[in-house]
Every structure is written in C-alpha cells, then in structure tokens.
Amino acid sequence: MTRQDAVKNGIRVLLALAIVGATTLVARAFDADLTTAALLLLLAALVATLLGRAPAVVGTVAAFLALNYYFTAPTNSLDVQKEDDLAALVVFAAASAVLGWTVSRLDAARRTAEQRERETHIRLDLTTRLMAGEDPAAVVAGAADALVALFRLVRCTVRTSSATTVANGPGATGATTVVRIAPLEVEAVASREHPLASSDRALLEALVAGLAAAIDRLRLEDEARDARIDAQVGRTRSGFLSAVTHNLRTPLASIKAASSTLRAPDLDLSPADRTELLDTIYDETERLERLVTNILELSRIRAGGLEVRRQRVELSDLAQAAIRRLRPLARAHRVRLDIPATLGDVDVDVQMMEQVFGNLLENALRFAPPGSEILVSCCPGPRHDQGPAEVEVRVADHGPGVPEEERERIFEEFARVDARPDASGTGLGLAIVHALVTAHGGRVWCEETHGGGATFVFVMPAGSR
C-alpha cells in the first residue's frame, strides 16, 4: 500500500469513527434507551461499511463499545452485570458483523456490475463504429481514451501495423502492462493510486482481444470484397473480349473475303457481282462502325463522362436519322414511324438520343423475322402534378420476344437472351440505352408486343414547350 493510499484509508477510518460518535451524541441527547440506541448505532455501523473494509471493522467495534459504555447498565462503564444485556450486546455484535458483510458484498457487486456495464458499453461502441465503416485509426484512438477512463490509467498506447495512438490520464506513473494480440499491441501504464488488479488485467486482455478480432474481421471482409471485385472485373473483361472478338471476326472475315475477290486479277466479275461485293463491304463496315461506337460509348459511360447537352429537336428527325444509318440492315424489314406532328420539339442531347434510337432499332432488326414490320411510335406521356411533361417512345417488333424473367436483366452489360452460338450482338446496346435514357432523367423497360414480340419503351421529360 502506498503512503497516499494509507492516508486515504486513515481518513475513512476517522470518518467512520465520526459517524459512530455523532450517532452516540444524538442518542444520548435524546436519552435513548438500549433498544433505540442499538438500532441507531447499528445503522451507523452499516454506513461505515460503505467506506471500506478497515472503516467497517473500526465502525462496528466502535459502535459495540459505545453501546456497552453509554447505554448498557451500568453506564459509563464497560462492565456488564445482566445476562440479558450481555445477550443483547452479543446479538448486536453479530448483527452488525453480518449486516456489514452483506452490505460490503452488495457494494462490491454494485461496483463490479458498473464496471461490467462500462466494459460492455466500450465493446459495443467500438464494434459498432468499426462495422459502420468508420476509419479504424479513429476507432483505435477512441479505444485508447476509453481504456484510460475505464481503468484510470496514466497512459495508454495502442499500436497497429499502420499507426500508434497515445492517450494520457492523470496521476503518477505506476506499473506497466503490455497486451499483444495481433494486429494490436496495447501498453497500459497504471497509476500508483489505482494499480491494475488481476481481474483488471483479465478484463483489459478481453477488451483488446475483442477489438483485435473486430479489426481483423474488418480486414478479412475488405480482402473478400476486393477479391470479389477482382473476380467481377475479370469476368467482365473476359465477357467483353469474348463478345467483341466474336462480333469483330464476322464482319472482318466478310470484308476480307469480298475485297480479296475484287482484287483477284483472274476473276471476270459481272457489274452485278461487283456491286454486290461492294455492298457487302459497305454493310459490314457499317456494322463495325456501330460496334466501335457502342464500345466507345460504354467506355465514356464507365468513365463518368456523360454530360447531357440539351437542344431543341423533333423526335421524328432523330428516328429518321437512325433509320437512314441502319438502312443496310433494314432492307428485309418494313420500318414504320407513327409520330404525331403535334408532339412538338423536345430538349435532348441529339447525339445520345440518336444512339438510343439506333440501338433499339438495331436490336429489333436483328431479332425480327424478314418481311415483318417494326413500329416506332411516340406520344405524350402522363403529366405529373407540378412536374414536367413527358414523352413516351415505343419500338415494337414481332420477333421471339423476351421472357418476363429476363426483362430487367437484358439492360445489364453483356446480357443476351439469344444463347445460340451463331447469335450476333455484344450485349452492350441495351445497357447503353439504359444509361443514356437515365442520364436524361427518364426510364426504360421492355414489354410484350400485342400479337407476339418485344416492345422497348422509354419515357423521359420532354422539356419546356
């Protein structure tokens, strides 16, 4: 025991004696009988037990002597002449001892419960902060402050692989306890007034172990997330290369075959055959251009480079421009426009919206059977309260359609409903449509065409008239 602890303990003993003395004075002032005095001094002894073990013993002995000296006949003497008085004193001493021990145990249990409550609060606070995504360095700093407050430390140093945090408290430096549980090392310097007991060391180790486990679990989750991202990137890259390679090979092979035939000096081609070969080269070049445009547009979307530059334009002009660009692909189909003249202009990014019309038309032309009709229609959409007017655009075909369970997935990158080995398309067109329409503040979906087929619908704000 340090000198300061001894002084504090002596003060508590004196306080216990003062409590018993004051109670004795009150009892004598009111001329209390033996029973009343016994009850009052018993209460004083119980109060003294709250000051500690030594004050409890001194207070109990002082209360017993005061009861014997001042209130047991003959008074002002420690002599006991009656057996009943002796029995009362013995009962008083026993009751004081039992009640004092009980109160002392209850007080110790209360202090233990309060410490456990603080421990639980620290555990929950640190774990919650880590799971909420707070910076682990800030959580470790908070842990150092919490340990200083919980154990009344002079200094607490928490080290991780990336940082060292030091929290200071009051008091003179005492013994040092070091706890190492990867990835943490905690150095706790106790004060001389409040050294760490064995139970405190066990609690400190438990808290450090819990914090270390939470940090390690967070690290493992980060590693698992990074691994999933790497795997997803790998699958996306593989899908991208597979889709692009497959769709580049066919037009390049057709262009190479047609151009080789035209360059052959020993072949006597008729004008019709020569025109057909030139048309093949032109058509496949257009197909390559659309593929490259989609790839570049996808790169721009992924880079966050979508910036909508709105200008006034008629939707019929956008649709007709897309049809002209896809004319080689549309030779075997009938494309019909149903856009009322009263629809008026819309505020859109012309280049983006041409891409939307082009991708939806190309998708319809690829799946619709030869000779079938593809209908492009526009109409005013519903006007919401105090909101902008909308325009609804529909591109309907009579192809195989899209199963209901696939109608949301087809707007994802590389998602394709047609699983045939010879199927064309990269699975990028509809993903680009979704991104461009969303950039305009609109939405796009797929539904079934009346009579069979797929109808792609997108709705977006029409802008001011």
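1. A search of the whole structure finds zero disulfides, a disulfide being a pair of cysteine sulfur atoms within 2.5 Å. The model is predicted: local features need pLDDT of at least 70, side-chain atom pairs count only at pLDDT 80 or more, and totals for chains, interfaces and linings use all residues. Residues are numbered from 1 along each chain as its sequence is written, and side-chain values use heavy atoms, with hydrogens and water left out.

2. Cys-379 is partly exposed, at a relative accessible area of 30%, whereas Cys-156 is buried, at 0%. Here buried means under 20% relative accessible area, exposed means over 50%, and partly exposed lies in between (1.4 Å probe, protein chains only).

3. The aromatic pairs in the whole structure number two. Rings of Phe, Tyr and Trp (its six-membered ring) pair if their centres lie within 6.5 Å; planes under 30 degrees apart count as stacked, over 60 as edge-to-face and the rest as tilted. Helices (H or I, at least four residues) and strands (E, at least two) are DSSP runs, numbered from the N terminus.

4. The other pair also involves S11. The rings of Phe-411 and Phe-456 have centres 6.1 Å apart and planes at 85 degrees, so this pair is edge-to-face. Phe-411 sits in the loop between strand S9 (390-396) and helix H10 (429-439), while Phe-456 is in S11, 45 residues apart. Phe-411 and Phe-456 are buried.

5. Two strands pair if DSSP finds at least two bridges between them. Strand S8 (residues 373-380) and S9 are antiparallel over six bridges, and Cys-378 stands opposite Val-393 in S9. S9 and S11 are antiparallel over seven bridges, with Arg-394 opposite Val-457 in S11. Six of the seven residues of S9 are buried, so the strand is largely enclosed by the rest of the structure.

6. A further sheet is open and has four strands in the order S2-S1-S4-S3, with antiparallel pairing. Its edge strands are S2 (164-168) and S3 (173-181), each pairing on one side only. The twist averages 10 degrees from one strand to the next. Strands S1 (residues 153-159) and S4 (residues 184-191) run antiparallel and are joined by six bridges; Val-158 stands opposite Val-186 in S4.

7. Helix H2 (residues 34-49) and helix H3 (residues 53-71) pack at an angle of about 165 degrees, with axes 8 Å apart. Axes are lines fitted to C-alpha atoms, for helices over the stretch in contact, and angles run from 0 to 180 degrees between N-to-C directions. H2 and H3 are therefore roughly antiparallel to each other (under 35 degrees counts as roughly parallel, over 145 as roughly antiparallel, 65 to 115 as roughly perpendicular and the rest as oblique). The crossing of H2 and H3 is right-handed; a crossing is left-handed if the near helix is turned anticlockwise from the far one by less than a right angle, and right-handed if clockwise.
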